[in-house]
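Student: Could we go through the pockets and the ligand site of this model together, with the criteria stated as we go?

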Amino acid sequence: MKVLFVCLGNICRSPLAEGILRHKLKLSGLESNVRVDSCGTSNFHIGDLPDSRTRRNAEKNGVILDHRGRQLSADDLDYFDFILAMDRSNHNNILQLTDDQAQRNKVKLMREFDTEEGEEVPDPYYGGEDGFQEVFDILDRSMDGFIAHLQSKGLI
Ligand code: 4NP
C-alpha cells in the first residue's frame, strides 16, 4: 500500500501527516505494509525541511519530522494508491494532472477520514502557534480514521 499526502508548500501540513502516519504504523507494527510520502503542489520549498514551527509542535507531540520538500508530479498519480489532499485547492490542483478515472479515484480529501465535522485541514503557515496544534489534532484524528479504513478494507 502506497500513500501520498499533498499540500501547497510541503513544509507544514503534508509532512506532518506523513510523520503522524509513520509514527502510528510503527506503534502498531504495520510500518512494513505501507509506503508513505508527501509533496507539495507548488515548487516553493523543494529540498527544505518542514517549517520550524511544524517540527517543534510535532516533537512536542512525539513525532520527529525529517522529510525534504518535493513537488507533486504526474508520475505520483500512477505510483501511489491513496493521494490525500489537505484542502480543496490542493485537491483540484492534483486532479488537473490526470483525466484517467482510475487515477482520479485515488484522490481524496484527508478529512474524509476525520471523525469530527470539517472539510479542510487549514493552512497554519500565516497564523499563530495555536494553528499548528489545531492542525496536529485534526491530522491525528483523521489518521486514526484512515488507518481504520485501510484495516476495514483489508489493505493493511
Ligand atoms: P503547507 O503550508 O501547504 O501546509 O506546507 C504552506 C507553506 C508555505 C507556503 C504556503 C503554505 N508558502 O507560500 O510558502
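Tutor: A residue is taken to be near a molecule if one of its heavy atoms lies within 4 Å of it. This is a predicted model, in which local features need pLDDT of at least 70 and side-chain atom pairs count only at pLDDT 80 or more, whereas totals for chains, interfaces and linings use all residues. Residues are numbered from 1 along each chain as its sequence is written, and side-chain values use heavy atoms, with hydrogens and water left out.

Student: Which residues are around the ligand?

Tutor: With that 4 Å criterion, the shell divides into seven nonpolar, three polar and two charged residues (Ala, Val, Leu, Ile, Met, Phe, Trp, Tyr, Cys and Pro count as nonpolar, Asp, Glu, Lys and Arg as charged, and the others, Gly among them, as polar). The residues around the ligand are Cys7, Leu8, Gly9, Asn10, Ile11, Cys12, Arg13, Phe44, His45, Asp123, Tyr125 and Tyr126.

Student: How far is an oxygen atom of the ligand from an N or O atom in the side chain of Arg13?

Tutor: A polar contact is a pair of N or O atoms within 3.5 Å. A polar backbone atom of Asn10 is 3.2 Å from a ligand oxygen, and a backbone N or O atom of Cys12 lies 2.9 Å from a ligand oxygen. For the side chain of Arg13, the distance to a ligand oxygen is 2.7 Å.

Student: Which pocket does the ligand sit in?

Tutor: A pocket is, on a 1 Å grid over the protein atoms alone, an open set of points where a 1.4 Å probe fits, with protein on both sides within 12 Å along at least five of seven lines. A molecule sits in one if more than half of its atoms lie within 2 Å of its grid points. By this criterion, the ligand sits in the second largest pocket.

Technical notes:
A polar contact is a pair of N or O atoms within 3.5 Å; within protein, one must be able to donate a hydrogen and the other to accept it, and residues adjacent in sequence count only if both atoms are side-chain atoms. On a 1 Å grid over the protein atoms alone, a cavity is a set of points where a 1.4 Å probe fits but cannot get out, and a pocket is an open set with protein on both sides within 12 Å along at least five of seven lines; lining residues have an atom within 4 Å of a point.
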